Amino acid sequence: MASRPRRSAFVSQEIEPKWQKVWAERGVMKASDSSPKPKYYDLVMYPYPSGDLTVGHARNYVMGDVLARMKRMQGFEVLHPFGWDAFGLPAENAAMKRGGGLHPAKWTRDNIAKATRELKMMGILYDWDREVTSSEPDYYRWTQWLFLLMYERGLAYRAMAPVNWCPVDKTVLANEQVINGRCWRHPDVEVEKRDLEQWFLKITDYADRLLDDLALLDKWPQKVRVMQTNWIGRSMGAEADFAVDGMPGDSIRIYTTRPDTLFGATFMVLAPEHPLVERVTSEKHRARVREYVEKARKETEIERLSTEREKTGVATGGFAINPVNGEKIPIWVADYVLVTYGTGAIMAVPAHDERDFEFAQRYDLPIRQVIAPPSGPQVRLREAYVGPGTMVNSGEFNGLDSAIAFERICDSLEAKGVGKRAVKYRLRDWLISRQRYWGAPIPVVYCPTDGIVPVPREDLPVLLPEEYRPLPEVESFWKTTCPKCGGPARRETDTMDTFIDSSWYFLRYASPHDNAEPFDSELANHWMPVDQYTGGVEHAILHLLYSRFFIKVLYDAGLLAVTEPFVRLFNQGMVKRFGQVMSKSAGNGVSIDELAGAQGADAGRIYEMFIGPPEEDVEWTDAGLNGVVKFLQRVWRLVLEAQSIAAEAGQAGATVDASGLRRKVAQTVGKVTEHFDELRFNTAVAFLMELANAMQDYLRSGGARDAEWDEHVRTLVKLLNPLAPHLGEEMWERLGEKGMLADASWPAFDAALAAEPKVVLVVQVAGKLRDRLEVDAGLPEAEAVRLALASDKVRAALDGRGPSKVVYVPDRLINLVP
């Protein structure tokens, strides 16, 4: 009895370290700045080195690596760098929790070392020569340099303002870092309001460009563009001045998007924090107003703006004069008006605003309709009418369409000098001061003689003291001399928001060792913009908006030739296990060490991509991972032990079809290439599994293992390489290829080979045979209908009528029902 060919299995723990060492020694992903190849900048958002990585964290890094490897094989010079968002509260909080004098710098560097080892263990290739770490002086020196650039351009300023204060982290938060009234890092902690003098960046100067240029980002997810549009919140309207009765020279400025409703204003509302509250309040109402104001200041903005909460307020006893009709209307204080939005005051038009309507009904205030709907004016409004219509009760503007009245009333305000057209934004200037140690120090000093004095660029970086204590407590840090007059001065003890660091890190990758400037403009212009950017949707407003702002400032400063940083954006989903997002703290994490030591990194890489659509959250299961392991073992047999499969000939009972396999290989090249490019990795893996099954069936049915078969095998290995690079390199070497698979050319798509053969399509009219047409296999229904209607026999059977119904069975028949 003849013995069967020997079968073997690869051992991932043997081949994976081998190839990781080879890639490192040969600098496979080292990018050349002078390469004649077309550039491709592939970037994943750099992470916080905040703890152990899991395979959940690795998902987006694998996505970036798959794309980088394919683009490299396609002939691009690929920049695929990596770094660490190392400043900030995660490191500092971890150091405090662990106690024992643990310094955030040591905790951060230890985590970076461990995470670097784990990323390499996953076979993820970066140009490690370009690595950046935002907490190192050779990086934050340039963060400080960029702050000074902002200051010189009038974009950085210091101001007293009510700020958001996190009582846990004991630091100020930007508006964008307050989610539903709570700290973005501590969802169960309510943010407090405090008045502090802080540093801001004038991002509002760029509001229009940030909004308008979203139209350029057609390769960004629509939901991200909508989120940024809403956050910037541009509105068109008018400002109008309401004189304060009995206070000559004083007026209350309001902003409204509905100047056509000015005649319907029956009362005014001031925010509790408005500076005029105390002055317009009469003695009779003073005690009650002060009590209300004190209570309102303790509430969060989300509470005050909640649509589910009943509106409250108190009368001040003061009155304002409506500029369009001279009517005297009462002034109220209410917490649903915020001093940080608009002017901190509103004209209340209860007939045409839902909040004002609710407030007026509660306090029995007048409701005057000034815009009638198409059905005509109503005697008594049951709810606010907020749509367009015809002007009523509006003096000289009666009878006008409200859209026309909008412009005419604006003209009247401007002519009288009591108002003007205006554009407003929801966006507020970026508050960047943080009262924590672990961040880039703000490079200014305060001099009794010269005031605020920037630290000269040649004196950068302003180093953090080695001693880990709050900076105001470290005299050797804050006690300094004025760079201008040489006298005693005090250094700023606030550090910068870490979103400053991440707003430009992708530029530093172009020239990470430059000691003369933050980035080499020529090299940055060569690599920028980023062609593919991958990261979490949680950064849709914070990081992405700030990065766009930085790029525009640098463009205006003549340092960059691009106005947008990222051409294409992709937001990956989360990996869950046992129904929860995978993490060490949740006890459901799978570590990279654990994965590599068991099933292997390649199996994990493919499973991460196959588990589901990459933009969706997915559930990790051991059974699914084991299925991928079996697939890789099958590929190993196909490539290196085809004879063991051929020995099973006859089991499948299929007819040998070399042309069919040739077509399948060509189609798979096209599909995998397209789906990798579009980051649809799960379907790309499915196509590769289908191809492996087709090749296996071909062998089992007696297909020849000839030169064409050998070419198919090499195509399969190349297509699989970005997903399973360790296995790919090992098979490539064992096939006798001399060069590295990483350097091989990506398979070219041949449309002619991929084309399906012709088929005969039966054409029926009302179920009766009328014609037979030779058409391409897989013909779309619309094209099948077109060809059928082009037939003289079919047109005659329809007698000039079009089909009312079409029944289409692809590659078989089409039935047109008159």
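**Rings, strands and cores**

Me: Which residue lies over the face of Trp23, and how should I read such a feature?

Reply: A charge sits over a ring if NZ of Lys or CZ of Arg is within 6 Å of the ring centre and within 35 degrees of the ring normal. Here Arg69 lies over the face of Trp23, at 4.4 Å from the ring centre, and Lys328 lies over the face of Phe319, at 5.2 Å from the ring centre. This is a predicted model, in which local features need pLDDT of at least 70 and side-chain atom pairs count only at pLDDT 80 or more, while totals for chains, interfaces and linings use all residues. Residues are numbered from 1 along each chain as its sequence is written, and side-chain values use heavy atoms, with hydrogens and water left out.

Me: How many aromatic pairs are there, and what angle do the planes of Trp430 and Phe549 make?

Reply: Rings of Phe, Tyr and Trp (its six-membered ring) pair if their centres lie within 6.5 Å, and planes under 30 degrees apart count as stacked, over 60 as edge-to-face and the rest as tilted. By this rule there are 37 aromatic pairs. Trp430 and Phe549 form an edge-to-face pair, 6.4 Å centre to centre with 65° between the planes. Trp430 lies in strand 19 and Phe549 in helix 17, so the pair ties together parts that are 119 residues apart in sequence; here helices (H or I, at least four residues) and strands (E, at least two) are DSSP runs, numbered from the N terminus.

Me: Are Trp430 and Phe549 buried or exposed?

Reply: Buried means under 20% relative accessible area, exposed over 50%, and partly exposed in between (1.4 Å probe, protein chains only). Both Trp430 and Phe549 are buried.

Me: Which strands pair with strand 12, and how do they run?

Reply: Two strands pair if DSSP finds at least two bridges between them. Strand 12 (residues 267–270) is joined to strand 15 by 4 bridges, running antiparallel, and to strand 14 by 3 bridges, running parallel. The bridge partner of Phe267 in strand 15 is Ala348, whereas Leu270 has Val333 as its bridge partner in strand 14.

Me: Which residues touch the most other members of the largest nonpolar core?

Reply: A nonpolar core is a set of buried Ala, Val, Leu, Ile, Met, Phe, Trp, Tyr and Cys residues joined through side-chain atoms within 4.5 Å. In the largest one, of 92 residues, they are Trp620 and Leu720, and helix 23 (residues 681–700) gives the most to this core, with 11 residues. A second, separate core of 88 residues includes Tyr206 and Cys447.
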